[in-house]
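Before this entry goes further, I would like to set down a few remarks on the model, in the order in which I would raise them with a colleague. Please read them with the coordinates open.

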Amino acid sequence: RQLGEGWVEGVHPEDLDHCLKIYLEAFAARRPFEMTYRLCAADGGYRWIVDFGRPYNDLEGHFAGYVGTCFDVHERMQAETALREKEQSYSTLVKNLSGAVYRCRNDPDWTVEFISEGCLDITGYRADEILGNRVTSLGAIIHPEDAGPVWEKCQVNLATQRACSSEYRIIHRNGEMRWVWDQSQGIYSASGELLLIE
């Protein structure tokens, strides 16, 4: 196929420059292309589509144009947009909390897979220093006298899929002892297997 006025007029104005750039670069190199954009729909709105183009040759072996295939991906794109908006909203909420939000494994180190930046004020460690136990672990900063009781209480609650609320001491990076309140809940698979703690 060749790009015609009908196609150009049908592409959402915000996507047109990007699409033309992809197409013209592919055309110059005689290579396949793939692009995702909004195309005018019959109801006057726009639909998200993925457009694949593959070059083809005529009977004499000369480049003759493109064979194109389009797929409607409107619902998928809407779902991805909604998910990004939800994640942004969640991220903003987490950043504005006075405490810290975390997700960790159920191991003696409480190995962290996610922790909000609020951990710096509480522990003296940045989030990237606690993630994956890079510099320290949550388990390592719990006061030695409290570590055992906290572990045991959490295991009892996890076994019955109950939330666990604990108050215990941690050792701040500067050596200061601080009391914290921790509310956690296990995250389970459909079969009841413990996956993570939040």
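Predicted model: local features only at pLDDT ≥ 70, side-chain atom pairs only at ≥ 80, totals over all residues.

1. The largest pocket has a volume of about 630 Å³. Its lining is made up of 27 residues, and those closest to the centre are Ala100, Tyr102, Tyr168, Trp181 and Asp182. Two or more lining residues come from each of strand S4 (102–104), helix H4 (119–123), helix H6 (138–141), helix H7 (144–159), strand S6 (164–171) and strand S7 (177–184).

2. Within that lining, S7 provides the largest share, which amounts to five residues. Sorted by class, the lining of the largest pocket holds 20 nonpolar residues, together with five polar and two charged ones.

3. Tyr168, one of the residues closest to the centre of the largest pocket, belongs to strand S6. Is Tyr168 buried or exposed? Its relative accessibility is 9%, and because the threshold for burial is under 20%, Tyr168 counts as buried.

4. Leaving aside residues up to four places away in sequence, Tyr168 touches Ile142, Asp146, Val150, Arg178, Trp179, Val180 and Asp182. With Asp182, which is also listed among the residues closest to the pocket centre, the side chain of Tyr168 makes a polar contact of 2.8 Å. As for Leu16, it lies 152 residues from Tyr168 in sequence, and the two C-alpha atoms are 58 Å apart in space.

5. Turning to the strands, S1 (residues 33–40) and S2 (residues 46–57) run antiparallel and are joined by eight bridges. Within this pairing, Val50 of S2 is the residue that stands opposite Thr36. Five residues separate the two strands in their hairpin, where Gly44 adopts a positive phi near 95°.

6. S2 also pairs with strand S3 (residues 63–72), again in the antiparallel sense, and here the pairing extends over nine bridges. Phe52 has Thr69 in S3 as its bridge partner. The hairpin formed by S2 and S3 has five residues between the strands, and Gly61 in the turn shows a positive phi of about 85°.

Note on methods. Residues numbered from 1 in each chain as written. Heavy atoms only, no water. 1 Å grid on protein atoms, 1.4 Å probe; cavity = no way out; pocket = protein on both sides within 12 Å on 5 of 7 lines; lining within 4 Å. Points joined across faces, edges and corners; volume = space filled by probe spheres on them. Helix = DSSP H or I, 4+ residues; strand = E, 2+ residues; numbered from the N terminus. Nonpolar A, V, L, I, M, F, W, Y, C, P; charged D, E, K, R; others polar. Buried < 20%, exposed > 50% of the residue type's maximum accessible area, 1.4 Å probe, protein only. Contact = heavy atoms within 4.5 Å. Polar contact = N/O pair within 3.5 Å; in protein donor to acceptor, adjacent residues only side chain to side chain. Pairing = 2+ DSSP bridges.
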